[in-house]
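Open the model in your viewer and keep the selection panel at hand. We will go from stop to stop, and at each one you will hear what to select and what is there.

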Amino acid sequence: MLKPRLVLSACLNLERTRYDGKLVENPVAIKLRNFCDVISVCPEISIGLLVPREKIILYKDSKKIKAVEIFTGKDFTEKLISFSKEIIRSFPEIEGFFLKSKSPSCGVSHKTKTYKDIEGKYLYEKSQGIFAKQILKAFPLLPVVDEEIIKNKDELENFLIRIFALRRLRELKEKAKDKRDIISFHKKAYHLLMSYDPLSLREVERFLFSKDITFKESLKKYEDYFKRTLARPFSRGKQINVILHILENFSKHLGEKEKARIFDFIESYKRKKIVLGRIIRELKSLLQEKEQTFSEFYLELYPGELDGLF
Ligand code: SF4
């Protein structure tokens with residue numbers, strides 16, 4: 001499969017950029033390096049800080065949250081914000097962000113401690129890092145996560161599905177020559193999109209087949225539609241509905257035993273014993289056995305080698 005472009009916190013890319021020079025070994029980040037084109041970023045090193053350095057903490061003064069050096073209170077907020085804006089402008093097209101959790105710069109998941117004092121003794125709240133906030137603001141339709149995601153299988157799988165799907169979208173944008181290319185892409189993306197938002201399929205078909213919209217406008221609209229749809233919540237219920245829909249389409253080619261096999265997998269998926277990728281691979285091999293394969297992104301959500309992450 002094509003490699004998505006992934007922005008990775010430099011310390012998750014096995015670079016010694018942390019304030020204490022320690023190595024961070026995150027199994028997901030390490031594995032993803034083989035399947036993605038990684039852009040490694042350390043906001044703190046990029047604004048001129050060294051290793052080792054004093055720790056930076058988030059501190060809430062009377063007006064706002066700042067990133068300051070612990071004990072001295074030296075303020076790096078503005079430098080971090082302007083670095084973030086500058087690097088955001090310089091990025092090529094990106095499919096996702098995988099950042100370090102709990103960091104005053106990179107933390108995404110509201111786990112970064114914010115203190116009432118510059119010595120970091122009294123907790124004010126938990127929030128997001130300065131760099132992460134700018135990324136979330138600039139890329140509202142892209143998957144932006146931090147390493148906390150490894151604790152939740154559905155969130156991790158959703159992240160993988162989205163970055164590989166967005167990579168396909170980039171390929172469409174680079175290669176499409178006319179509306180037929182968008183329509184043929186859409187046919188392959190059909191069940192994937194249905195698994196995020198079945199109702200959205202009506203919206204896309206209205207503009208995709210309209211003669212009043214030019215190819216360029218269609219491509220722009222399709223990109224926005226595709227990204228918005230994949231940004232909808234991931235749920236096991238919606239995924240099961242799509243699998244049942246596919247099973248129904250192929251029902252006459254499948255025997256009772258084979259259907260029962262898939263239903264067993266669906267049951268395990270419902271009970272959170274397996275992830276979606278496991279059922280999809282089973283479904284795909286069953287359809288292959290029956291010579292009923294169809295070219296669909298839904299049957300190739302992410303590389304099988306990433307199954308080991310779950
Ligand atoms: S968490 Fe972010 S700022 Fe801190 S060392 Fe890692 S990449 Fe650099």
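Select strand S1 (residues 5–9) together with S5: the two run parallel and are joined by 3 bridges. Strands pair when DSSP finds at least two bridges between them. Helices (H or I, at least four residues) and strands (E, at least two) are DSSP runs, numbered from the N terminus. This is a predicted model, in which local features need pLDDT of at least 70 and side-chain atom pairs count only at pLDDT 80 or more, while totals for chains, interfaces and linings use all residues. Residues are numbered from 1 along each chain as its sequence is written, and side-chain values use heavy atoms, with hydrogens and water left out.

Now show Val7, which stands opposite Phe97 in S5.

Are the faces of strand S5 (residues 96–99) covered or uncovered? Both are covered, with Gly96 and Phe98 buried on one side and Phe97 and Leu99 buried on the other. Here buried means under 20% relative accessible area, exposed over 50%, and partly exposed in between (1.4 Å probe, protein chains only). In a regular strand the side chains alternate between the two faces of the sheet.

## Second stop: the open sheet

Select S4, S3, S6 and S7, which in that order form an open sheet of 4 strands with mixed pairing. Its edge strands, each pairing on one side only, are strand S4 (65–69) and strand S7 (123–127). Zoom in on strand S3 (residues 56–60) and strand S6 (residues 112–115), which run parallel and are joined by 2 bridges. Tyr59 stands opposite Tyr115 in S6.

Next, select Val108, Ser109, Pro143, Val144, Val145, Asp146, Glu148, Ile149, Glu155, Asn158, Phe159 and Arg162, the lining of the second largest pocket. On a 1 Å grid over the protein atoms alone, a pocket is an open set of points with protein on both sides within 12 Å along at least five of seven lines, where a 1.4 Å probe fits; lining residues have an atom within 4 Å of a point. Which element gives the largest share of this lining? H5 does, with 4 residues.

Stay with Asn158, which lies in helix H5 (residues 153–175) and also lines this pocket. Asn158 counts as buried because its relative accessible area is 14%. Leaving aside neighbours within four places in sequence, Asn158 is in contact (heavy atoms within 4.5 Å) with Tyr196 and Phe234.

## Last stop: backbone details in the loops

Go to Pro52 in the loop between H2 and S3. A cis peptide bond joins Val51 and Pro52, with omega about -5°.

Then select Phe71, in the loop between S4 and helix H3 (77–90). Phi of Phe71 is near 70°, a positive value in a residue other than glycine. Phe71 is exposed, with a relative accessible area of 51%.

Finish at Lys272, in the loop between helix H10 (256–270) and helix H11 (276–289). Phi of Lys272 is near 65°, again a positive value in a residue other than glycine, and Lys272 counts as exposed at 57% relative accessibility. Most residues other than glycine have a negative phi, and most peptide bonds are trans.
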